[in-house]
Structure formats: C-alpha cells, structure tokens
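Here is a short briefing for a first look at this structure. Start with the sequence and the model, then read the points below.

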Amino acid sequence: MIEEVFRTEFGSAVATLVRLFGDIDVAEEAVQDAFVIAMDKWASDGVPPNPGGWIVTTAKRKALDKLRRESTRGQRETRAVVEATVPEDTEPDMDDDSALPDDRLRLIFTCCHPALAPASQVALTLRLLGGLECPEIARAFLVPEETMAKRLVRAKAKIRDAHIPYRVPSDEELPDRLRYVLQVIYLVFNEGYSASSGALQRTDLCDEAIRLARVCSELMPDEPEVFGLLALMLLISARRDARVDANGDLVLLPDQDRSLWSRDRIDEGLALVRALLRRNQPGPYQIQAAINAVHSSAPTAADTDWSQIVALYDQLTVFTPTPVVALNRAAAIAERDGAEAGLAALEPLADALDAYHPFHVARAELLSRVGRVKTAAGAYHRALELVGNDDERLFLERRLRAL
Amino acid sequence: MPQYLLSVWGPEMTAEQQAEYMKSGAFEATGKLNDELVASGNFVFANGLEPLHSATVVRANDSGDVVMTDGPYVETKEYMGGFWVLECADLDEALAIAKRATVACQGPVEVRPFQSEPPVSG
C-alpha cells in the first residue's frame, strides 16, 4: 500500500514543495523524510484518508524545521526564506492538501528542460517525478552509482544557478517544449524495453514510462501526441511476455504466440488510437501507435494489413524523414511486395545506416529469403560487430547458423 | 534580476574572412538586435573584442612576482569574439535572446549566468 502511495504521490509532493520552498534539494529531502515517517506511522495507525495531503503537510513541516535549524545557525538567507514562507508560530494544517494541479506539470517541464543534457533530463525525471533512488537509476542505465549521483547533483545545480524557470511553458512554446518531455518518457521506455546492453527487458522502466505518460495525459488533455505516446507504449509493452521464449531467447513479431499478448493493454491502446483518429491532428507518436495498432489487430502474422502499414510509414516520413523510418518502411514494403522490392528500398540507405545494426539484420533476413546465403551471412556478421544487447547477439548467432 | 553573459565564439579569421564577414550583414543585424535589447530593458553591455594577437596575460606566481605574457591565456583555434551582458528574468528569456543573437552575429553563443544579482539601484 505504502509502495503504491509512494509511486503515485512522490512526484506531486516534490512538485508542491519545490513551489513552496523554491529549492529542489530541500523539497526532495523533505518528501523522502515524510515517507520514512509514514512507513512507521501508517504501519501502526493505518493509512490516512488523504495520504498525498498527509505527505505534503509532513514534508512541509520537515522542510521548515530544517530551514529554522539552519537559520538559528545564523544563515541570513535561509532565515529570510523561512520568514517569507511561513510565520514563525504557524503550524502547517494537517488537513491542508495544497497541491495545485500545475505543480507536477511545472516540475516535468523543469526536469525536461532543453538546456539540460538528455541523460540528465531522464535521470532527474526518474528521481523527482518517479521517486526512484539514485542507485536504482544507476542500475537501470548501467552506469556506476557515483556517475549517476554526480549527474543528478550537476543537473540540480544548473537549474538553481542558471535560473531555469519553474513554470509551465506558454501556449506558444508548448509544442516545442513538449517534444523534450515525450522524448524523455520514450527514452525511459526504450531503455526498459530493449536495453542497450545486458539483459533484454527491464520491466520497471517500461511501467514507469507508461505511468509518467498517464500523468502527462491527465495534465495535458489537449495534446494528442501525449496520448499517441501512451498508446504506442501500451501496444508495444503488451507483447512483452511473447517477446522472449521459455529459454529466454528473443522472439520476433511474426513468430510470437499472440495469445500471450496482454489483452488489457492492447484494448486500451487501440481505444486510444481510435480516439486519436477521430481527433485528426496526426503527429509522429500517434502514427507509430497506429502502425502498432495494425499489428495488434491482426489475429495472425499472415493477417497483417501491410498496405496499411506502408501507408502509415509514408505519413510518418512527412513528419520524421529519417533513414531509420525509411528502414522500417522498406521492411513493410518487403512484406507487401516481396523481398526483392524490400531490398531495393533498403539499397539507398546503406551509407546512412552502416553503423546501425538493425539495418544489417533487415538486409540479412531479406537476402536469406531470396537465397543469397553468402551475402546474407556477411550482413549478419556486420550486425554482430555492432550489436550491444546479449539476447539480440544470441538471436543473430542462431540466425546465422540457420542459413 | 539575474544577469547573463552571452559570449560569441568562433575561429580566428584571416583578413579575407574578416572582410567577407563585414559584408555578410552580421554587423548590421547585431546592431539592430542591440537596439532592441536596449528598448526591452535587457541590455547592460555589449561589444566585440579585438583579435587574439592583441591579448596580454598578467599573473602572480608563487613567489609573488607578477609576470606578463604576450598572447591569450589558452592557445586555441576558437576564441571569444565578443559578448553581451544582459538582464533577464530567467534562463528561458536568456536563451530566447541567444537564439536571436546567434542568428544576428552568425556565430555560436554560450549562455552563462553571473554568480550574484546586482544590487537594486535607487
């Protein structure tokens, strides 16, 4: 129970405290302390009716205690903060849940500010909005704990020293700034779904990304791309259990046992995609969600509507004309028109994607389909030189042997 | 209000490149931007710097002697060619001006906050 409250309330409590005290470190520590007290108190007294409000009130009191202690040590600046925030003799009202709906949104946009490096944006978002501890984040991203701790400290120092504002961007700035928020969430998801090295799936990160997208969808109901990203992640993660077989080996989409797909996630994802189609304000996440919806709607791999998928990739190319999108489009063309047509579509991408292992995998698969075994083997070897994930490596070695 | 240093960086230019740059419209565009920054109340100071050959470094060594060396502190291919000191509400305002600045002066602009805010003058 407390774990659940922690997951849902940590981010809002930190966000409210940042607004009240204007300092991320103070907010983070006070909310952490409040949960420690809650763990103890709720075990004996039971969970209060408004756990989020209880946490905010307790954290506020902890932060004030700390600032007063520091101010008696003669720190003029802290004393000024305390006096400006709350009169000396005021005890916070235990029923007061003073969270504003915009608090979390402000914190999201501060954590995902483009003046911070993408890795720092991700780390800050997981720490302050997700409540993940620094060692957990370090493990998830396979960096030493010390590196992650430094990254967080440096990011918070930049927010403070460069005066990165704590506010929701204006309507005019919003589309541009939202891109960064969605990118952070999708990075978290992808790191969880297809880890860049080591084990294949880190489920917690996927769930955290979906939770963050849900929060954003509640806070920004007018932004269709937020729902597009949520739908995309639901549809992809629905295939989680089918993606690895009993031996722990990777299983590709056409070979997956579709009865293992999560019906709940697919239904939710498809409903979102249908609502977005009615809204008719397409964007890259929505189109990717729609592509996945076509896969999710096919009872078997052979039933997949590849014409529809090629058409959606054509649309996606308008928004994101990148070689990677062209690669996926070529793979869809191969399914619709045959392997030779797919290879022809891959050809112009060879230079741009030479260092991208999925290109060589796609090429190898198509070459082996048309019987060009030797060239296919060469492409698998090139992919193996580039791949970082252990499970994918084993998969490619199996494919190479099967030629 | 916080103050920011917006510095412009670029490679040392040959006389030819310098002449080319003078014809590019960058000077006029930067002058126009400065006028706008004065009007909006952000402007504190701005100017371009003479090339690296004009620099002198002065420093006290361990025994307390002060020595002078000809040339810049760091020998690099890229150097600071000029800067603005601006007053901005927050980093977002400074970055928005930096976007206009890099377009006007045609060089990358580094944005850095100053340590403390100046005292409010009467």
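**Overview**

In chain A, 40% of the 403 residues count as buried, that is, they have 20 or more other C-beta atoms within 10 Å of their own, with 12 or fewer counting as exposed, anything in between as partly exposed, and C-beta atoms placed from the backbone. This is a predicted model, in which local features need pLDDT of at least 70, side-chain atom pairs count only at pLDDT 80 or more, and totals for chains, interfaces and linings use all residues. Residues are numbered from 1 along each chain as its sequence is written, while chains are lettered from A and ligands numbered from 1 in the order in which they are written.

**Chain A at a glance**

- Chain A has 19 helices and 0 strands; helices (H or I, at least four residues) and strands (E, at least two) are DSSP runs, numbered from the N terminus.
- The C-alpha trace of chain A spans about 80 × 45 × 45 Å along its principal axes.
- Among contacts in chain A with a separation of 6 or more, 61% join residues 24 or more positions apart. Two residues are in contact if their C-beta atoms, placed from the backbone, lie within 7 Å.

**The nonpolar core**

- The largest nonpolar core holds 126 residues. Such a core is a set of buried Ala, Val, Leu, Ile, Met, Phe, Trp, Tyr and Cys residues joined through C-beta atoms within 7 Å.
- Helix α11 (residues 224–237) of chain A gives the largest share of this core, 10 residues.
- A:Leu17 and A:Val31 have the most contacts inside the core.
- Beyond its neighbours within four places in sequence, A:Val31 is in contact with A:Phe10, A:Ala13, A:Val14, A:Leu17, A:Ile55 and A:Ala59.

**Two packed helices in chain A**

- Helix α9 (residues 174–193) of chain A packs against α11(A) at an angle of about 5°, with axes 11 Å apart. Axes are lines fitted to C-alpha atoms, for helices over the stretch in contact, and angles run from 0 to 180 degrees between N-to-C directions.
- α9(A) and α11(A) are therefore roughly parallel to each other, a label for angles under 35 degrees, with over 145 being roughly antiparallel, 65 to 115 roughly perpendicular and the rest oblique.
- On the α9(A) side, the contact includes A:Leu178, A:Leu182 and A:Phe189. On the α11(A) side, A:Leu229 and A:Met233 are among the residues involved.
- By class, this contact of α9(A) with α11(A) has 10 nonpolar, 1 polar and 1 charged residues. Ala, Val, Leu, Ile, Met, Phe, Trp, Tyr, Cys and Pro count as nonpolar, Asp, Glu, Lys and Arg as charged, and the others, Gly among them, as polar.

**A loop residue in chain A**

- A:Val370 sits in the loop between α17 (357–369) and α18 (373–386) of chain A.
- A:Val370 is partly exposed because 14 other C-beta atoms lie within 10 Å.
- A:Val370 touches A:Ala339 and A:Glu340, leaving out residues up to four places away in sequence.
- A:Val370 and A:Glu340 are 30 residues apart in sequence, and their C-alpha atoms are 7.3 Å apart.

**Chain B and its strands**

- Chain B has 3 helices and 6 strands, in the order β-α-α-β-β-β-β-α-β from the N terminus.
- Of the 122 residues in chain B, 19% are buried.
- The C-alpha trace of chain B spans about 45 × 45 × 20 Å along its principal axes.
- In chain B, 4 strands form an open sheet in the order β2-β5-β1-β6, with antiparallel pairing; two strands pair if DSSP finds at least two bridges between them.
- The edge strands are β2 and β6 (109–113) of chain B, each pairing on one side only.
- Strand β1 (residues 3–11) of chain B is joined to β5(B) by 9 bridges, and B:Ser7 stands opposite B:Phe83.
- Strands β3 (residues 56–60) and β4 of chain B pair in the antiparallel sense over 5 bridges. They form a hairpin with 5 residues between β3(B) and β4(B).

**Where the chains meet**

- The contact takes 6 residues from chain A and 6 residues from chain B.
- Helix α3 (residues 91–105) of chain B supplies the largest share of the chain B side, 3 residues.
- That side of chain B has 4 nonpolar, no polar and 2 charged residues.
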